[in-house]
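This report concerns charged and aromatic side-chain contacts. The sequence and structure are shown next.

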Amino acid sequence: MSIYTQMDGWRIERATMDDKQEIYDLLVKTFYLDEPASKDLFALYGVPPIDDSLGMQALPHGMSFKAVSEDGKIFGVVLNMDHSQLKDFNPKPHKAMEKLGPFFDIIDKKAGSLKGFLGLHIVAVDNSWRKRGVAERLVAEAEEESSRKGYKGLEVVCTSAYSSRLMAKRGYEHILRYPYASYTDADGNQVFNPPPPHDAVNVYIKRNVLYLPPTNEDSEPATDNLNIIDYNNASADCNTIKELCV
């Protein structure tokens, strides 16, 4: 066990595969109930099984962290993943994910190339531990991990106004704003209608100051577009899901 941060009454440790079930149970009662874009779909179709959950694919990468209480219970988690390691992920069909996939593929496409960035996929904290700075401390650990592992930085796709505020507070670069109202069906009806204040998906990055670019020919620079792009219309046909952050 490696304690990365010791706080008053709790600590942050590196998450391992031994934590798989407890972390999944935490997501079921927090993330899947709170995530603005998808909570209605998960309520209707159920949450993905543990082995088909994209978020759970982060654990084998070994770069995620858990917040643990004095009695050893996990009450918070940040799941970080390297998307280049997801090539073999082949989940079973799930109706909620089938509806979410094209939407988040649009976000992925419009955000541009973020190759070389570590993806902050999910931050989740139990209701009884919120408003104590736990989420921010977990995000800070993710930032440090991206630097330790030699990534260009950290990328986050925020579907929630609250997570967007946290990233802005921490000085992240805002590279994309995509309003929920921009995504409509064939009849022009808005597909996702989260309650206020959640009106858009925002993409943020935080660059590592000491990052040294790789020298191999396959290296690809991160996007240099640091202007906020606000899309009011979109269409795309892709198949992968990116980070969700609540």
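Does K66 count as buried or exposed, and at what relative accessibility? At 10% relative accessibility, K66 counts as buried, where buried means under 20% relative accessible area, exposed over 50%, and partly exposed in between (1.4 Å probe, protein chains only).

## Basis of the model

The model is predicted: local features need pLDDT of at least 70 and side-chain atom pairs count only at pLDDT 80 or more, while totals for chains, interfaces and linings use all residues. Residues are numbered from 1 along each chain as its sequence is written, and side-chain values use heavy atoms, leaving out hydrogens and water.

## Salt bridges

The whole structure contains 19 salt bridges, each defined as a side-chain nitrogen of Lys or Arg within 4 Å of a carboxyl oxygen of Asp or Glu. One of them joins K66 to D19, with an N to O distance of 2.9 Å. This pair links distant parts of the chain, 47 residues apart: K66 is in strand β3 (residues 65-69), and D19 is in the loop between β2 (10-14) and α1 (20-29). Helices (H or I, at least four residues) and strands (E, at least two) are DSSP runs, numbered from the N terminus. D19 is likewise buried, at 9% relative accessibility.

A salt bridge at 2.6 Å (N to O) connects D51 and K20. Because D51 lies in the loop between α3 (39-45) and β3 and K20 in helix α1, the pair ties together parts that are 31 residues apart in sequence. K20 is partly exposed, at 23% relative accessibility.

Within helix α5 (residues 134-148), R148 and E145 are three residues apart, about one turn of the helix. Their side chains form a salt bridge of 2.8 Å, N to O. E145 is buried at 0% relative accessibility, whereas R148 is partly exposed at 41%. Salt bridges with shared partners join R14, R137, E141, E144, E145, R148 and K149 into one network.

## Aromatic contacts

Ten aromatic pairs are found in the whole structure; rings of Phe, Tyr and Trp (its six-membered ring) pair if their centres lie within 6.5 Å, and planes under 30 degrees apart count as stacked, over 60 as edge-to-face and the rest as tilted. The Y32 and F42 ring centres are 4.8 Å apart with planes at 85°, so this pair is edge-to-face. Y32 is buried at 4% relative accessibility, and F42 is buried at 6%.

F103 and Y180 form a stacked pair, 5.9 Å centre to centre with 20° between the planes. Both residues, F103 and Y180, are buried. Ring pairs link F103, F104, Y178, Y180, Y183 and F192 into a cluster.
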